[in-house]
Amino acid sequence: VRPVVAYHVRVDSARHGAVDVTLHVENAAPNVRLAMKVHQEYDARFWRYLELGPVTGTSDDRAAGVTRRDTTLWEVRLPGGRGDIHYTLRFPADSGRVRAAWRTVVRDDGALLNPPDVLLYLPDFADAPATVELDAPRSWRVATSLDATDSPRRRRAPNAATLLDAPILLGALREWTFRDGGTTFAVDYWPLPDAAPFDTTAFVDAVRRLSHAALGVFGSLPSPAYHFLVQDGADDALEHAASVTIGVPSAELARDPRARLGEIAHEFFHTWNLVAIHPDTYGELTYRRTPPTAGLWLGEGVTLHYADVLPRRAGLVDTAPSPSNTTAAGSRAAHLASLVSRYVAAPWAGRVSPEAASLAFGESLLTNPNATGGYYLQGELLGEALDALVRDSTRDRRTLDDVMRALYARSRAGRGVSAREIESTASAVCGCRLDRFFATQVRGPGPIDLAPAAARLGWRLVIDTIAAVDDRGAPVPDTRLSAAPVDGGFRLVVTNPASAWARAGLRTGDEVVSFAGVRPATFGELLGVLRRLRVGDTAAVDVRRGGASVHFDVAVRGFDRPRARLVDAPSPTAEQLARRARWLAGW
Ligand SMILES: [Zn+2]
């Protein structure tokens, strides 16, 4: 006898801060656990807003009820193994500011339901199929990757993991569809009531071409249907196996129908790289915090690499360099040079490895010096370096695309990839030994060396130092100072020993009492003060350190920064120049 798991979700356009849910269960057990999914990165902690109601429809409702066992875990007494578990989520209504596109919201004209926030699940019956009945205004359209049934308002999922990985967008939506690589794509757009009109044909065409370029890497998608859940009045994004929620304001699309294309490419590429090809247990269904993983340099950084090359492959980047100026602004060469410049300037470069930075995800620099977030930039550079290594050792017959395809093939059964498997898979595709590369630049702190990647394209990578200046050539003030939040405020983070702030004596952990005449309550307020500083100013800073008050006068001055450039090698070969032309086009 198969268990029945059926949700009834009531969304009312007049109740912006609440969703009512009834979870109907049959053929379960007299005691079942009930849990709220915790997302590794995007945990909205909606358990704070949960109001559990009665349990009805059991064989003995007087004995039925719910007891909390942990923050995200409850135990339900369900006599007869069946019944209806009622609950309401009462969450802060939309603040009217730009919200993150993955956050649950209910408005007059629609709603976005992020399933972990709204749908509690039964960990003991996580393999059971589930249905969701959407009780929402009749005029609202439904967009979700959840399977359709005979009614568009009743959706189903084969198991809890799929259910909880499928956001639901409701409202006055526009939808466009296309087919590619065996998958039906839907671009769903939720406009604000006062949305700016934009060229929808050009926008959807760009998404279609981008999707085609990504399919060129992997051949097919994990699912037969895929939804771009695009939202006005929102930013940020969150990837899933068969959809993505992403904020793309209509005002930006009105100016440029290719707005945020790199971000769309990044999130779409995550469908494979991070969701399907996931490091270790990343993203697996759980109601607990998952252990950290060493592989975020691959999941995030290599995804950034593809977010840059896919729009080029799709012919969506206008600033194509001319043969006489291959390093023009907007070119792939200019992009790589700017990445290397940023990398060389980073105080953690050569000190914190990509794996160590990945493992420190979610931690604070105040307590863990590896919490640099550097795996994004490191991973993007590693993608470039690895691509060059594979091409070199296979005489351009294989590329990083083949490594990604091989990793995808390994992940088909839903299994995560370990750090060692990433290395062995790349080595197998390369047909070469990558142990030294991984030991020094992935597990080790590097530095990540892009000189070989430049050389095979007929370039020398030249790094020098120049004065940091703005667009008009005026010196930029040294504001190389950061902070991290703590309960009730923030503490300074001073990681660059060359900065004026470090040289004046400020240290990581200092608590700001006053800063240039202001008492900033948040890091955001401190940033505002930093932005107003000019070269030549003296900033008076009072901090508390170890219970004592300490005063500093910091002379604000200009500073030098490293600059990386790709310069023609003395006599590039015809083969190198041919490679370069293809590389510039994203290949
Ligand atoms: Zn990402």
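Q: In this predicted model, are His-266 and Glu-300 buried or exposed?
A: A residue counts as buried when its relative accessible area is under 20%. Both His-266 and Glu-300 are buried.

Q: Which residues have the most contacts inside the largest nonpolar core?
A: A nonpolar core is a set of buried nonpolar residues joined through side-chain atoms within 4.5 Å. The largest one in this model has 87 residues, and Phe-228 and Met-404 have the most contacts inside it. Helix α3 (residues 200-218) gives the largest share of this core, 10 residues.

Q: What is Met-404 in contact with, leaving aside its neighbours within four places in sequence?
A: Met-404 is in contact with Val-217, Phe-218, Phe-269, Asn-273, Ile-277, Leu-298, Val-302 and Tyr-306. There is also a second, separate core of 55 residues, and Val-21, Tyr-42, Tyr-49 and Leu-50 are among its members.

Q: How many residues does helix α11 have, and what distance does it reach?
A: The expected span of a helix is 1.5 Å times one less than its number of residues. Helix α11 (residues 419-430) has 12 residues and reaches 17 Å from first C-alpha to last, close to the expected 16 Å.

Q: Which helices do the buried residues of α11 pack against?
A: They pack against α6 (296-313), α9 (375-393), α10 (400-410) and α12 (435-442). The buried residues of α11 include Glu-421, Ile-422, Ala-426 and Val-429. Just after the end of α11, Gly-431 has a positive phi of about 65 degrees.

Q: Where is the place of Phe-46, and why does Phe-46 count as buried?
A: Phe-46 sits in the loop between β3 (31-35) and β4 (50-56). Its relative accessibility is 5%, so Phe-46 counts as buried. Apart from neighbours within four places in sequence, Phe-46 is in contact with Met-36, Leu-89, Phe-91, Thr-104 and Asp-117.

Q: What distance separates the C-alpha atoms of Phe-46 and Ser-571?
A: These C-alpha atoms are 61 Å apart, and the two residues are 525 residues apart along the chain.

Definitions and conventions: Residues are numbered from 1 along each chain as its sequence is written. This is a predicted model: local features need pLDDT of at least 70, side-chain atom pairs count only at pLDDT 80 or more; totals for chains, interfaces and linings use all residues. Side-chain values use heavy atoms; hydrogens and water are left out. Helices (H or I, at least four residues) and strands (E, at least two) are DSSP runs, numbered from the N terminus. Buried means under 20% relative accessible area, exposed over 50%, partly exposed in between (1.4 Å probe, protein chains only). Contact means heavy atoms within 4.5 Å.
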